[in-house]
Amino acid sequence: MGTGYTRTDTINNIADGNIINAADFDGEYDAIEAAFNSSSGHTHDGTSGEGGPVTVLGPAQDFVASTTDIKPKSNNTLDIGTTGLKFKDLHLQGTANLPTVDIDAGAIDGAIVGANSAAAGTFTNLTASTNLTLASGATVTAILDEDNLVSNSDTSLATQQSIKAYVDGQIAGANELSEILANGNVTAGTGIDLIDNDKIRFGTGNDLEIFHNASDSIINDAGTGSLKLQQGGATKLEVTSTGVTVSDDLVVNDDVSLSSDAAVINLGADGEVTLTHQADVGVLLDVENATTNGVTDVLKLQAKSTGTPAVGIGVGVEFSTETAASTIETGGVIESVATGLTPTSEEFDMVFKTMSAGATAAERLKLNGSGATIGNINVDGNTIISTDTNGNINLTPNGTGEVNISKADIDSGTIDGVSIGASSAITELQVDNLNLNGNAITSTDTNGNIALTPNGTGEVDITKVDIAGGEIDGTTIGANSAAAATFSNLTLASGSTVTAILDQDNLSSNSDTALATQQSIKAYVDSSLGSAGNLSDTGIVFDGSTTGDSVTTTLAITDPTSNRIFTFADESGTVSTQAFANGAAVALAIALG
């Protein structure tokens, strides 16, 4: 039994024909690893208790050992030692078969060399012109310096250096094999099996390790450089102390997760575009434009196809929210949709959709070359301003549609609770200015009335009116109303009919259905009675035209205390004044004596 390794498999689990589990090797691996320790060495006697003999050594299995001899795998292929690395002493109990011997450049000092002779002294050099035949009858034809003993000759000796190099290599291979045997197993045609936490190491300082730790598979680079994955000599992936660099396209067939709450994705040679996760908020897209005041398309959406483009193609953005557990609903959509694909005159609509009352998101706003199509407009304290050159704002319903205004404040006026339409009644409408362009104001009142009522002393000013070709039939004109047009007939509330309004200073028509103008009435009265200034509540003043304004005749009226009647007889003659009457009486008295 050897002293370096003692088998621990006392219950003989590791035996021919048994299914061997990794657990059965635990104690054996530890014992073998200790036995093959590079400092303490190993003694192996080849018994089954020590795991059986190691019969083949070397990376090419070119050195074979058995219980009776140590030999190369192929004839005349291996050297023992080299000219630079030589063994010290060679001790043989049996016969050395040396076909050719070159001892120290051919010198043999103090010795007799012959077929049955043995050298008893020290040789400086030994040179022989023929092969060296040993006492056993074996012939030595050459001493070869081959580190790998590739000649595999059974008549050549190896130099010390070549033997040392080969044995060292085989021992290293044996150590590696021992480590594999201690920690796993080698199965021909399938690979190398290692148990948990057993490592494959690379580099002088074991800088690279590959192992499995019962839960994870680990490639650990403990060196000062980088861990690189290359293809065709070019590095495609490099792991450094600062991160991972991918030098070509990255194709991912599953999810990509960035677990940091402040994770950033940098895009561009200078990282001018960044996507940053903001914890519990969302994602921030930031574009740093290197050109001052330059226009930047922050986000471009493009749709491409190998097929023939057709009307309806476009791109869109969908906005969805989890409204209940595991229930995702689309709340809004923005789409750019092609409506025409004529070359150089393509047409696209920009469509905005929203969800309402739990239904599928429907179109609310459409923008195109014709303008905007809107379902409903809700203005909260804002202003709708026309940018048209003439400032017009047109509200034009489609077909038989109506413009319904539930409440309006037009230039400090109010329209409260009123719908304006074909079947609507206006209870209150205050407008500073109302411009009608070829349209009609139609009353839907039960009596058909349309009232225009100014406030206070205000007036309804109509510069031009055409009412049924000049007719006003069945219309009531108030005391303060004026007609600016020509009317066929005017029927008053009393039932009287006015056929005309005449401007005749002498009222010559003397019509009982025609009205006189103010001017004609004044002219007629003035010409008949004189100036209105000659009439007063105390009398009538007659101003003669020849004697001047200072000489007047006044018919005076004394303020009566009761009704008075002046009666003139139906006679011709002169009405005399009191002075005339008194004078006539004196004259009569004188005449009568």
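Notes on the model come before the questions and answers.

This is a predicted model, in which local features need pLDDT of at least 70, side-chain atom pairs count only at pLDDT 80 or more, and totals for chains, interfaces and linings use all residues. Residues are numbered from 1 along each chain as its sequence is written, and side-chain values use heavy atoms, with hydrogens and water left out.

Q: How many helices and strands are there in the protein?
A: Helices (H or I, at least four residues) and strands (E, at least two) are taken as DSSP runs, numbered from the N terminus. On that basis the protein has four helices and 36 strands.

Q: What percentage of the residues of the protein count as buried?
A: A residue is buried under 20% relative accessible area, exposed over 50%, and partly exposed in between (1.4 Å probe, protein chains only). Among the 593 residues of the protein, the buried share is 13%.

Q: Is Ser162 buried or exposed?
A: Ser162 lies in helix α2, residues 160–183. Leaving aside neighbours within four places in sequence, its contacts (heavy atoms within 4.5 Å) include Asp79, Leu85, Leu144 and Asp147. Because its relative accessible area is 0%, Ser162 is buried.

Q: Which residue of β21 is the bridge partner of Leu267?
A: β20 and β21 (residues 273–278) are antiparallel and pair over four bridges. Within β21, the bridge partner of Leu267 is Val273.

Q: Which residue in β27 stands opposite Leu365?
A: Strand β26 (residues 362–368) is joined to the antiparallel strand β25 (residues 347–354) by five bridges, and Met350 has Leu367 as its bridge partner in β26. Four bridges join β26 to strand β27 (residues 371–374), also antiparallel, and a hairpin of two residues connects β26 to β27. In β27, the residue opposite Leu365 is Ile374.

Q: What is the length of the polar contact between the side chains of Thr240 and Thr242?
A: Thr240 is in strand β18, residues 234–240, and is partly exposed at a relative accessible area of 28%. A polar contact is a pair of N or O atoms within 3.5 Å; within protein, one must be able to donate a hydrogen and the other to accept it, and residues adjacent in sequence count only if both atoms are side-chain atoms. The side chains of Thr240 and Thr242 make such a contact at 3.0 Å.

Q: Where is Asp248, the salt-bridge partner of Lys236?
A: A salt bridge places a side-chain nitrogen of Lys or Arg within 4 Å of a carboxyl oxygen of Asp or Glu. The side chains of Lys236 and Asp248 meet in one at 3.1 Å, N to O. The pair links distant parts of the chain, 12 residues apart: Lys236 is in strand β18, and Asp248 is in the loop between β19 (243–246) and β20.

Q: Is Lys88 buried or exposed?
A: The side chains of Lys88 and Asp89 form a salt bridge of 3.2 Å, N to O. With a relative accessible area of 74%, Lys88 is exposed.

Technical notes. Two strands pair if DSSP finds at least two bridges between them.
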